[in-house]
Amino acid sequence: MNEKISTAALALFAGMAAIAQPAFADTELKVYISSQHQPQVWRQILDKYEAANPGTKVSIETGGNTSEAQAQYLNTIMSAKDSSLDVLILDVIRPAQFAAAGWTSPFAGKDMSVYLPAYAEANTVDGKVVALPAFADSMFLYYRKDLLEKHGIQPPKTWDELTAAVKKINGAENNPELQGLSFQGKAIEGAVCTFLLPYWSQGKSLVNNGKLTFDKDAAVKSLKLWKGFVDNGVAKKNIAEVATDDTRKEFQAGNAIFAVNWSYAWAQSQGKESAVAGKVGVARLPAIAGGEQATCLGGWEWGVSAYSTHQDEAKKLVEYLSSKDSSKFMAVNGSLLPTYPDLYKDADVLKAAPWFADALQVVETAKPRPVTPRYNEVSETVRTTVNAVLAGVMTPEDGAAQIEARLKRILR
Ligand code: GLC
């Protein structure tokens, strides 16, 4: 582009874009990215792509700060067969649903064996590759390394140990701002994982081969664990209002000893605006006493909108966004977990996020949320119930009974 073009002329160009292809670009692609997942870092990758592909211009659209808010937005766009978005980032729980709705275009002849198996699987629907992995994810326990060391405490392996650690540290620190544990209690997608962590830890599954395998006692125990944290002061009273990025902010401000969060929170916790840079440890999530340490499989995928009028260009861009180079760049600069197994041993990646060295095993053993075309209803049932129990408007027993009754109808 001619650098001397005035701002007014640029504004005119922008205005004309709706009616004519601007002279400076052959193809304009629009990529939808979740606002939580480092759009500014993806932008740097897109800048490299534009430099290597003159004639292609890529812009970013962000929206919604939680997975289900983003899904709602995309549902509206896609239901209207809107062609304005070419490439979509999708939570790992959604490619199957989007493919079933005919909203994404399949990739032909793609070798998925280069990626971690969980993502090859999540993106393959009825034998077709419907999206390509953007980044891997799991829930972890973030902790204040400095405070644990100061009080001679090892990272907890059970929730009871975590409770004891909080009591000890809070008793000595006497800081009313310092929460014991921040986790997601708001009725968001993350609260589905909140429920499942202690449930799975008891060795139970929710759905097996599409059939409900609900264990009510394990569900009561899970809900009681979280509500117990509110009642005994380990978590704050209004935890029912806390979404994922609130947890990230509270921990980063130095206001929580422990936090349940995904990998993206690491980069910001080490950044210039963090009160805890250099003081953070990341470990596996604790287990219910006598149970196993379980975590929730997360991750995001790149799909090409079936309504994009630039199918080939959009697919070429997605191949790039899903490449090993891009995965490494996002790991180093945005602490998003790699989708390529060998990057977990990469020296640059480990320099930026040393704990990734132990994260591969966690991702590989993370449990997926149920795969069903009716996942939205499953999610809504679980997350609204978790929220009601934490808000104190429903008992854990009634909550478990409600989840069971509703899931029975949904997964009949
Ligand atoms: C993270 C995970 C995603 C999950 C979401 C829930 O973004 O990667 O899979 O659904 O958190 O809040």
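Predicted model: local features only at pLDDT ≥ 70, side-chain atom pairs only at ≥ 80, totals over all residues.
Start with the setting: the ligand sits in the largest cavity. Domain 1 (6-137 + 298-365) and domain 2 (140-295 + 372-410) each supply residues to the shell around the ligand, so the ligand lies between the two domains.

**View B. The shell of residues.**
Here you can pick out the residues around the ligand: H37, D91, V92, D137, E189, G190, T244, W262, G298, G299, W300 and R369. By type, this shell is made up of 3 nonpolar, 5 polar and 4 charged residues.

Which strand gives the most to the shell around the ligand? Look for strand β13 (residues 297-304), which contributes 3 residues. Among the residues around the ligand in this stretch of the chain are G298, G299 and W300.

**View D. Polar side chains and ligand oxygens.**
Zoom in on D91 and you will find an N or O atom of its side chain 2.5 Å from an oxygen atom of the ligand. R369 also places a polar side-chain atom by the ligand, at 2.7 Å from an oxygen atom. For H37, the distance from a polar side-chain atom to an oxygen atom of the ligand is 3.4 Å. How much of the ligand's accessible area does the protein cover? On its own the ligand has 310 Å² of accessible area, and the protein covers 98% of that.

Note on methods: Residues numbered from 1 in each chain as written. Heavy atoms only, no water. Near = heavy atom within 4 Å. Polar contact = N/O pair within 3.5 Å; in protein donor to acceptor, adjacent residues only side chain to side chain. Areas by Shrake-Rupley, 256 points an atom, 1.4 Å probe, with all protein chains shown as cover. 1 Å grid on protein atoms, 1.4 Å probe; cavity = no way out; pocket = protein on both sides within 12 Å on 5 of 7 lines; lining within 4 Å. Sits in = over half its atoms within 2 Å of the grid points. Helix = DSSP H or I, 4+ residues; strand = E, 2+ residues; numbered from the N terminus. Nonpolar A, V, L, I, M, F, W, Y, C, P; charged D, E, K, R; others polar. Domains from an automatic or database assignment.
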